[in-house]
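Please look over the sequence and the structure before reading on.

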Amino acid sequence: MNRRLLPRLLLTPAVATLFLWMVVPLVMTIYFSLIRYNLMQPDQTGFAGLENFEYFVTDPSFGTAVVNTLLLLGSVILITVVLGVAIALLINDPFPGRGIVRVLLISPFFVMPTVNALMWKNMMMNPIYGVLAQVWMFFGAQPVDWLTDHPLFSVIVMVSWQWLPFATLIFMTALQSMNHEQLEAARMDGANYLQQLRYLYVPHLARSVAVVVMIELIFLLSIFAEIYTTTGGGPGDASTNVTFLIFKQALLNFDAGVASAGALFAVVLANIAAVFLIRMVGKNLDK
């Protein structure tokens, strides 16, 4: 009995702290979502029921924010998975300077989101002195104001650039565990590279792809710094996602109740996505 009780007592402070750290913010969010709590209207208080949820869902920007969120998630995941697999395969075989190339490929992942956004905004996509503008002018074309004309695409490029090293690192690690004898046997049997890619490389990377998709989806649902630093959600709502819409409700409209309702909507959206992803990862792990 004491052998079982002692470990539980030792774990109790850590478990209790973690429980409070997770539960208290959630309970407070639920509480604020059910009351009227606008800092600009302190006289209006009391129980609001589902009014905050209704207000958030019927916001003119809500539909656009949900669509932009899905487009952002799908595009970044597709780009990072496809290019990550391609780059991992490209640098899988030994070549002079492979270690340096790997370090350079991984380094963008350690750049802070705000720094990443400022770099792309001022150094790459500036329509006057940006690198892309100089390339366009070199070929005699009119420079593009990316953040104004293509705001959501610009955010997708920024986020993809930062998350591509993560996917590449996971796929590089997975390729190191491949059965080289099986590859050699396939080559001796006359299998070309496309056949090896289809029947050997892709099935071997299935688990890694599932893990990359799950981790990226969890973090990409909360993309905020890139949008706030570059486009500010605009022009209009062209680059507003659910996270930025919650920010606008909380800090621009000073409505903590509606923002809390939006936060709960984001939690529900994340959990729905997590259910499908956990099932997908589970199927890959069972193979």
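Predicted model: local features only at pLDDT ≥ 70, side-chain atom pairs only at ≥ 80, totals over all residues.

Which residues does S61 touch, not counting residues up to four places away in sequence? They are D237, L245 and K248.

**The loop residue S61**
- S61 sits in the loop that runs between α2 (51-57) and α3 (62-90).
- With a relative accessible area of 8%, S61 falls under the 20% limit and therefore counts as buried.

**α3 against α8**
- Helix α8 covers residues 151-176, and its axis comes within 7 Å of the axis of α3.
- The two axes cross at roughly 40°, so α3 and α8 are oblique to each other.
- The crossing in which α3 passes α8 is right-handed.
- Sorted by class, the contact of α3 with α8 holds 20 nonpolar residues, 6 polar residues and no charged residues.

**α8 against α11**
- The axes of α8 and α11 come within 10 Å and cross at roughly 150°.
- An angle over 145 degrees counts as roughly antiparallel, which is therefore how α8 and α11 are described.
- The crossing of α8 and α11 is right-handed.
- On the α8 side, the contact is made by V159, W163, F166, A167, I170, F171 and A174.
- On the α11 side, the contributors are S208, V209, V212, I215, E216, F219 and L220.
- The contact of α8 with α11 comprises 12 nonpolar residues, 1 polar and 1 charged.

- In soluble globular proteins, nonpolar side chains tend to be buried together.
- The largest nonpolar core in this model contains 37 residues, and V159, F171, L175 and L220 have the most contacts inside it.
- Helices that each supply at least two residues of this core are α3, α8, α9 (180-188), α10 (193-204), α11 (206-220) and α13 (242-252).
- α8 gives the largest share of the core, with 11 residues.
- V159 is in contact with V76, L220, I223 and E226, leaving aside neighbours within four places in sequence.

Methods: Residues numbered from 1 in each chain as written. Heavy atoms only, no water. Helix = DSSP H or I, 4+ residues; strand = E, 2+ residues; numbered from the N terminus. Buried < 20%, exposed > 50% of the residue type's maximum accessible area, 1.4 Å probe, protein only. Contact = heavy atoms within 4.5 Å. Axes fitted to C-alpha atoms, helices over the stretch in contact; angles between N-to-C directions. Parallel < 35°, antiparallel > 145°, perpendicular 65-115°, else oblique. Left-handed = near helix turned anticlockwise from the far one by under 90°. Nonpolar A, V, L, I, M, F, W, Y, C, P; charged D, E, K, R; others polar. Core = buried A, V, L, I, M, F, W, Y, C linked by side-chain atoms within 4.5 Å.
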